[in-house]
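Keep the viewer open as you read.

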Amino acid sequence: MAMIDLRDLQVGYGEGAVLDGFNLTVDKGELVCLLGPSGCGKTTALRAVGGYHLPDAGKVLIDGEDMGRRPPELRPVATVFQSYALFPHMTVLDNVAFGLRFQGLARAERTERARVMLATVGMEGRENAYPAELSGGQQQRVAVARALVLKPKALLLDEPLSNLDAGLRVRMREEIKAVQRRFDIAMLFVTHDQEEAMAIGDRIALVHEGKVVQDGAPLDVYDHPRDAYCARFLGTVNELAAPDGSRVRFRKEGASIADDGAYAGTVSQAVFLGAQWEYFIDVDAQTVRIRTDRSRVLSEGERVRFDITRPLTWKEDD
Amino acid sequence: MKTQDLTTRRALIRHRGSTVACVAIGAATVGLVLLFSVDPILSLLSKSIGGSFGRVLANNQQIVWNSIAAGVATAVISTALALAISLRVAFSSSKLRGVVLALVFASIISPPFVSSLAYVELFGRRGLITHELLGLSISPYGPVGVVVMQSVFFCAINVLLLLSTIRNIDPAVLDAARDVGASPSQVVRRVVLPLTWPSVGACLLLTFIRSLADYGTPIVIGGSFETISTAIYEQVVGYSDLATSAVLGVLLCGIAIIVYAGYAVLIARSRKRVAGTATSAFEMLGDRRSAPMRLRGVLGIVCGIVCFAFIAFMILQYVTIVRASLTAGISWKASFTTANYDHLVEYQATPLARSVGFALLAAAVATVLGFLCAYLQEQGRRGRGPARKAQALLGFAVTMPYMLPGTCLGLGYILAFNAAPLKLTGTGVIIVLVLAFKELAISQQAFSNEIAQLDPHLEEAARDVGATKFASALRIAVPSVRRAAAVSFMNAFTSAMVAYGAVLFLITPSNKTAIFELFDALSSGKYGQAAATSVVIVAITLAVDAVLGFLFLKRRRRAHGDD
């Protein structure tokens, strides 16, 4: 059964609608990424689940229970905020133990549980530090611990990695994935980074103008986007006229250089990317971008032939 | 090749010229600060050495205790009220916030005597409420009246400080507390209050000092209740005993400096917990963010009652003053008259015009010097050891006149500038200067905040593309601090319009200002005229601030963050 079930959420109407018939489910043990550009409504959807933003219409069900107008403190979900939002006047331990106070636990019990949870996220030894003394990654771990210690039915994460630098971002997303597997919990993860979404999500829900426009496994959404918008949001789309006159679309890595290839063009620019080369190839009046490994190096101005090995098809064409 | 040489040489000359100009302006700024911020205080100190501390203290023991007792009581009451109001307002609709901020703003731009004036009208011997309504004929004069009126009057500025602290708590932190199960009341108790305590401490200290420095309220409604500030006034005006008043002034300054040191520690602690605290009323007015939660339960009710009582009292105060300005005498049946305004037009047009002129000049001086000081300090901060120390000293020198009670500063100005080579007493210049240097700290702070936010590479980029030091200051730094300039000008203008303590001893019959006339009218019982003058001062200040605010404080539209 769906742990989080959002049905026809509506926030604002008409021109000003932030959410407009927003539907989504997240199962137990599943990590779903809400992916979309700034202002698409993904954060508002997350805040509707947490209870910070009451929708004008529609339902938020958590573990089958309608949340109605319940305030955040009475909802069985926990949030990891973008800024982590650690309490600046409390130690790491007090931050994590804070929520247990409201579950009526005795002090000793609260401290013990907080310690165990901090050890789980690799923060043992920093219990008495204040948030300002921690690095971004450590603050992130404390924020996750503070949420998980309450044994929520679902964990909501609002762009939790956007304040970290590139290397740390990759490490922390692996940690989050590991935590999610370990606790077998439903997670709703908001991000605007498609690579992050594909790396971490069991499913990706693409959000556009207040609704989920496509929802599926990363591989499926990447290879079979619903439309041009979804296709472009996940990566570059090349488009050419096929020999039979129809249009054919493919991603950068969906073509390969072959001397007997069906398409011919001229290399207008060659870009070395380290592990790969990226070539801009002019085919008639259009330019396509193709990535290859380093086994075949082309130079600018060279005539080249290639095949489209993995064409991109729209979901509804299937 | 030849032209290349010529261009390079021209650039070099320009570069040298610019460096000379920068050094000259910097030195002039430092010189002015030394002369008008530091010298008066040194003069006060050296004069006080002439008086005997032991004797003066022994003679004025009761007065010192009076001041301290009234200060403590006022600080506690005023801060407690302000905390309740701030909590209510921080977690309310932006409409209520607008109303309270408007009243706070009105209070800040009002002459310090308006609450006393309203108090006399309402609760005086012939007060509208005590005498006319309740048939009492009690004397309201004494310590209780002083404490009550000071508490209400200083409440506004405390609301501003506390509200800005509470509003600057990261809303996500409050969300996070609720997320893990805290109810709104628990969030207030366990998160909001702990984060606000340092600011509450700061309010207590500031209010204590304000109460000690305020002498208008005790003079008008204190009756026989004397404080250090009223004693200084008496010693100067009544007995011309400058030595004794200097001793009392130094005593007051000493207390003020100790308290300010505590204040600085608390504010630093507050900034560690809560990012950024607004420096002025004018910045708070642009706050349109919605509240992260609503207050509920007993706490909500208590804070609500205090808040609405404050609103009611403030409105009552202003209605009373407007009414008093339009009636003859204190009575419910008093007839409508424009006599007070006629009198004002006839006899007080010149003092009013003089007030506005002095205030505009003082604001301009404070703004220009404030920018220069902030810029020098920023340069110093980026420099090496000695430059850093110098900038810290400059900062301290600029802050001194602001920290000191106005009467002490005024006393210092008389002592410093009453003889050649710089005899300024009796002129308008000294009034403009004291008003400007008193508010210089606020101007400098406003500019410093804005300059600190500028990308430090901006100036390097300007130099990189060939601008001289002078040109980069003029073309990069100056245009970027438009908002700070407006805040500085509005603050200095407003303070100058209503400042009384600082100019008390500097005003002579030939250069009387409106606030002086207001005090004269008030102390000779011409309440109607005092009310009319108050109304006009508030109206003028409001008009000038509104125009400046409209022109310069409109927030630049920023790209909207993620939904």
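## Confidence

The mean pLDDT of chain B is 84, and 94% of its residues score at least 70; pLDDT is the predictor's confidence in each residue, on a scale from 0 to 100. Within chain B, helix 3 (residues 61-90) has the highest confidence, at 93, while helix 13 (residues 281-284) has the lowest, at a mean of 57. Residues 556-563 of chain B have a pLDDT below 50, and this stretch has 9 contacts in the model beyond near neighbours in sequence. Two residues are in contact here if their C-beta atoms, placed from the backbone, lie within 7 Å. For the model, ipTM is 0.81 and pTM is 0.82.

This is a predicted model, in which local features need pLDDT of at least 70 and side-chain atom pairs count only at pLDDT 80 or more, while totals for chains, interfaces and linings use all residues. Residues are numbered from 1 along each chain as its sequence is written, and chains are lettered from A and ligands numbered from 1 in the order in which they are written.

## Chain A in outline

Chain A has 8 helices and 17 strands; these are DSSP runs numbered from the N terminus, with helices being H or I of at least four residues and strands E of at least two. Along the principal axes, the C-alpha atoms of chain A fill a box of roughly 75 × 45 × 30 Å.

Of the 318 residues in chain A, 40% are buried. A residue is buried if 20 or more other C-beta atoms lie within 10 Å of its own, exposed if 12 or fewer, and partly exposed in between, with C-beta atoms placed from the backbone. Among chain A contacts between residues at least 6 apart in sequence, 64% join residues at least 24 apart.

## A mixed sheet

One open sheet of chain A has 6 strands in the order 6-7-8-3-9-10, with mixed pairing. Strand 6 (77-80) and strand 10 (211-216) are at its edges, each with a single partner strand, so one side of each has no neighbour in the sheet. From one strand to the next, the twist averages 20 degrees; the axes are lines fitted to C-alpha atoms, for helices over the stretch in contact, and angles run from 0 to 180 degrees between N-to-C directions.

Two strands pair if DSSP finds at least two bridges between them. Strand 3 (residues 31-35) and strand 9 (residues 203-208) of chain A are parallel partners over 4 bridges, and A:Val32 sits opposite A:Arg203 in strand 9.

## An antiparallel sheet

Another open sheet of chain A has 5 strands in the order 13-17-14-15-16, paired antiparallel. Its edge strands, strand 13 (255-257) and strand 16 (286-292), pair on one side only. On average, neighbouring strands of this sheet are turned by 45 degrees against each other, direction ignored.

Strand 17 (residues 303-308) of chain A is joined to strand 13 by 3 bridges in the antiparallel sense, with A:Ile257 opposite A:Phe306. Strand 17 also has 4 antiparallel bridges to strand 14 (residues 263-272), where A:Tyr263 has A:Phe306 as its bridge partner. The covered face of strand 17 carries A:Val304, A:Phe306 and A:Ile308, and the uncovered face A:Arg303, A:Arg305 and A:Asp307.

## Nonpolar cores

Which residues touch the most other members of the largest nonpolar core? Among its 253 residues they are A:Ala154, A:Leu188, B:Ala362, B:Val434 and B:Leu435. A nonpolar core is a set of buried Ala, Val, Leu, Ile, Met, Phe, Trp, Tyr and Cys residues joined through C-beta atoms within 7 Å. A second, separate core of 10 residues includes A:Tyr263, A:Ile281, A:Ile290 and A:Ile308.

## Where the chains meet

Between the chains, 19 residues of chain B are in contact with 26 residues of chain A. On the chain B side, helix 8 (171-179), helix 9 (184-213) and helix 12 (242-273) each give two or more residues, with the largest share, 6 residues, coming from helix 8.

## Two positive phi angles

A:Asp63 is not a glycine, yet its phi is positive, at about 50 degrees. A:Asp63 lies in the loop between strand 4 (57-62) and strand 5 (65-66) of chain A, and is partly exposed because it has 15 C-beta neighbours inside 10 Å. A:Ala85 likewise has a positive phi, near 50 degrees. A:Ala85 belongs to the loop between strand 6 and helix 2 (92-101) of chain A, and is buried, with 24 other C-beta atoms within 10 Å.
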